[in-house]
Amino acid sequence: MNERASSQSRFPIRQGGNGWMVYDRERKGPALIGTDLAANLTMTEAERVKQMLINQPDGKGLILSALVWRTV
């Protein structure tokens, strides 16, 4: 399995108590971006976060700003 496929299976999107989350199978909880949890998102936001995490699985250089995930 290549790294991209591995990252895709590591970060599934799940419905949470308040919206959607990007789940991290290694952490066994919502994915972390810096100190922010990838939870309470719209489906569109969750899909965008998942794509960013697939490209950068450690989450370094990603931040949450006004509910918009971006690379810094």
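**A buried aspartate and its partners**

D24 counts as buried because its relative accessibility is 3%, where buried means under 20% relative accessible area, exposed means over 50%, and partly exposed lies in between (1.4 Å probe, protein chains only). This is a predicted model, in which local features need pLDDT of at least 70 and side-chain atom pairs count only at pLDDT 80 or more, while totals for chains, interfaces and linings use all residues. Residues are numbered from 1 along each chain as its sequence is written, and side-chain values use heavy atoms, with hydrogens and water left out.

D24 belongs to strand β2, which covers residues 19-24; helices (H or I, at least four residues) and strands (E, at least two) are DSSP runs, numbered from the N terminus. If its neighbours within four places in sequence are set aside, D24 is in contact with R10, F11, G29, P30 and A31, contact being heavy atoms within 4.5 Å.

Which kind of link do the side chains of D24 and R10 form? They meet in a salt bridge of 2.9 Å, N to O, a salt bridge being a side-chain nitrogen of Lys or Arg within 4 Å of a carboxyl oxygen of Asp or Glu. This pair links distant parts of the chain, since D24 sits in strand β2 and R10 in helix α1 (residues 3-10), 14 residues apart. In general, side chains of opposite charge can pair when their charged atoms come close. R10 also counts as buried, because its relative accessibility is 19%.

A search of the whole structure finds two salt bridges, and R10 also meets the side chain of E26 in a salt bridge of 3.6 Å, N to O. Here too distant parts of the chain are linked, with E26 in the loop between β2 and β3 (29-30) and R10 in helix α1, 16 residues apart. E26 is exposed, with a relative accessible area of 61%. Through shared partners, the salt bridges join R10, D24 and E26 into one network.

**The fold and its core**

Stepping back, the reader can count two helices and seven strands in the protein, which follow one another along the sequence in the pattern α-β-β-β-β-β-α-β-β. Of the 72 residues in the protein, 31% are buried.

The largest nonpolar core has nine residues in all, namely F11, V22, A31, I33, A38, L41, A46, V49 and L53. A nonpolar core is a set of buried Ala, Val, Leu, Ile, Met, Phe, Trp, Tyr and Cys residues joined through side-chain atoms within 4.5 Å. Helix α2 (residues 43-55) gives the most to this core, with three residues. The buried residues of α2 are E45, A46, V49, M52, L53 and I54. At 1.5 Å a residue, the 13 residues of α2 should span 18 Å, and the end C-alpha atoms of this helix are 19 Å apart, which agrees; the expected span is 1.5 Å times one less than the number of residues in the helix.
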